[in-house]
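Here's a quick tour of a model with a ligand in it.

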Amino acid sequence: TYNANIHRGVHFLSQKGSQAYDEVRTKVKHLINANADNEIVFTRGTTEGINLVAHSYGKLFLKPGDQILISEMEHHSNIVPWQLLCENTGAVLKVIPINTNGEIIENEYHKLLTHAVKIISVVHVSNSLGTINPIKPMIVAARQMAPNAVVLVDAAQSIVHGKIDVQDLDADFLVFSSHKMCGPTGTGVLYGKHHLLERMQPYQGGGDMIKEVSFAGTSYNEVPFKFEAGTPNIADVIAFGAAIDFLNSLKLPLLYEHEIALARFSETELLKLPGVSIIGNAPNKAAVVSFVIEGINTLDVGMYLDTQGIAVRTGQHCTAPLMQKLCIDTTIRASFYFYNTFDEATAFVNAVAKAIKILRP
Ligand code: PLP
């Protein structure tokens with residue numbers, strides 16, 4: 001009912017839209033305990049946040065021979081932007097190895113921390129394995145042994161499955177998507193420490209990101225507007241704010257416990273079925289259940305579960321290098337959220353048991 005562009009019109013509808021949009025920045029600030037509203041940049045999602053940092057920080061500050069560290073369990077969106085950056089700058093991508101449980105090997109990580117490392121970009125919770133990485137101690141170690149590095153945390157999976165406090169973590173950048181937290185698709189957040197955002201180049205040029213434009217030259221708007229060129233996704237950002245209000249109205253710590261209990265219950269029951277192996281056995285694990293069944297195609301299981309009204313993801317989960325590392329092609333992945341019930345978890349396990357009976361040659 002107030003569809004108008006923001007930050008430009010003097011009319012009532014534009015003012016109302018601007019206020020609603022900017023209020024969401026404050027909600028996100030509180031959600032992750034950022035220091036100020038201007039540390040919150042709205043993006044299209046996690047992927048755009050990482051690409052923004054690779055472009056606006058990486059292209060400006062990386063030289064040939066500088067190093068970028070990521071882990072073996074990264075989503076493609078936390079691999080490819082860094083490969084592109086390496087192609088553009090001559091920087092070198094180094095990969096932190098994981099063990100067979102799907103945990104980062106602390107020793108190996110420490111060995112990679114040197115003065116040559118300029119960017120460390122690591123997933124907080126693996127979307128394929130559920131592993132919760134020890135991000136806080138990893139950042140502490142980075143500060144000591146790789147003092148020239150900034151640290152980006154991919155919080156796509158962790159933002160709704162535990163409290164995130166960027167100041168406590170001391171993350172330099174943190175990225176996530178609204179659609180993983182009951183909000184709409186196509187919008188998300190890049191958090192960045194103010195002094196870093198200040199020093200970075202704009203990501204795109206256009207309206208709203210400028211202070212003054214002439215053919216002789218252009219000066220840029222202050223952060224975060226410097227990074228939000230053009231008409232943004234106004235309606236979805238406002239809807240994202242409604243999702244944050246909804247989540248804030250729930251007793252989240254209890255719900256985190258509930259979803260973890262559902263996942264662990266499902267794993268225990270699945271392991272009683274013939275040929276099932278759980279992929280990702282880190283002791284500290286989120287509500288993700290990734291598994292394979294000996295002799296049965298994962299896609300076939302996914303299609304059978306769909307006929308039972310159960311939505312799982314099958315495939316490589318945008319983590320092809322992780323699948324290569326674990327010597328598997330694909331997995332079936334169920335992920336639980338606060339609205340799931342034990343009856344649903346039981347129905348899921350029973351449906352997998354049926355799939356095995358039907359599909360086993
Ligand atoms: N990182 C992780 C861990 C993810 O799970 C996802 C999406 O599933 C992404 C990054 C990319 O998020 P988006 O597609 O919303 O940009």
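Thr47 has an N or O atom in its side chain 2.5 Å from an oxygen atom of the ligand, while Thr46 uses a backbone N or O atom, 3.4 Å from an oxygen atom of the ligand. On its own the ligand has 390 Å² of accessible area (Shrake-Rupley method, 1.4 Å probe), and the protein covers 85% of that.

A word on the ground rules: this is a predicted model, where local features need pLDDT of at least 70 and side-chain atom pairs count only at pLDDT 80 or more, while totals for chains, interfaces and linings use all residues. Residues are numbered from 1 along each chain as its sequence is written, and side-chain values use heavy atoms, with hydrogens and water left out.

## The shell around it

Which residues surround the ligand? Taking those with a heavy atom within 4 Å of it, they are Thr46, Thr47, His75, Ser77, Val123, Asn127, Asp154, Ala156, Gln157, Ser177, His179 and Lys180. By class, that shell has two nonpolar, eight polar and two charged residues. The classes go like this: Ala, Val, Leu, Ile, Met, Phe, Trp, Tyr, Cys and Pro are nonpolar, Asp, Glu, Lys and Arg are charged, and the others, Gly among them, are polar.

## The largest pocket

The ligand takes up the space of the largest pocket, meaning that more than half of its atoms lie within 2 Å of the pocket's grid points. On a 1 Å grid over the protein atoms alone, a pocket is an open set of points with protein on both sides within 12 Å along at least five of seven lines, whereas a cavity is a set where a 1.4 Å probe fits but cannot get out; lining residues have an atom within 4 Å of a point.

This pocket has a volume of about 940 Å³, counted as the space filled by probe spheres set on the points. Of its 39 lining residues, Gln157, Lys180, Arg333, Ser335 and Phe336 lie nearest the centre. Helix 12 (342-359) is among the elements supplying at least two residues, and its four are the largest share. The lining divides into 18 nonpolar, 14 polar and seven charged residues.

Helix 5 gives the most, three residues.

Most residues other than glycine have a negative phi, and most peptide bonds are trans. Val223 and Pro224, though, are joined by a cis peptide bond, with omega about 5°. Asp170 has a positive phi, near 60°.

Key. A polar contact is a pair of N or O atoms within 3.5 Å; within protein, one must be able to donate a hydrogen and the other to accept it, and residues adjacent in sequence count only if both atoms are side-chain atoms.
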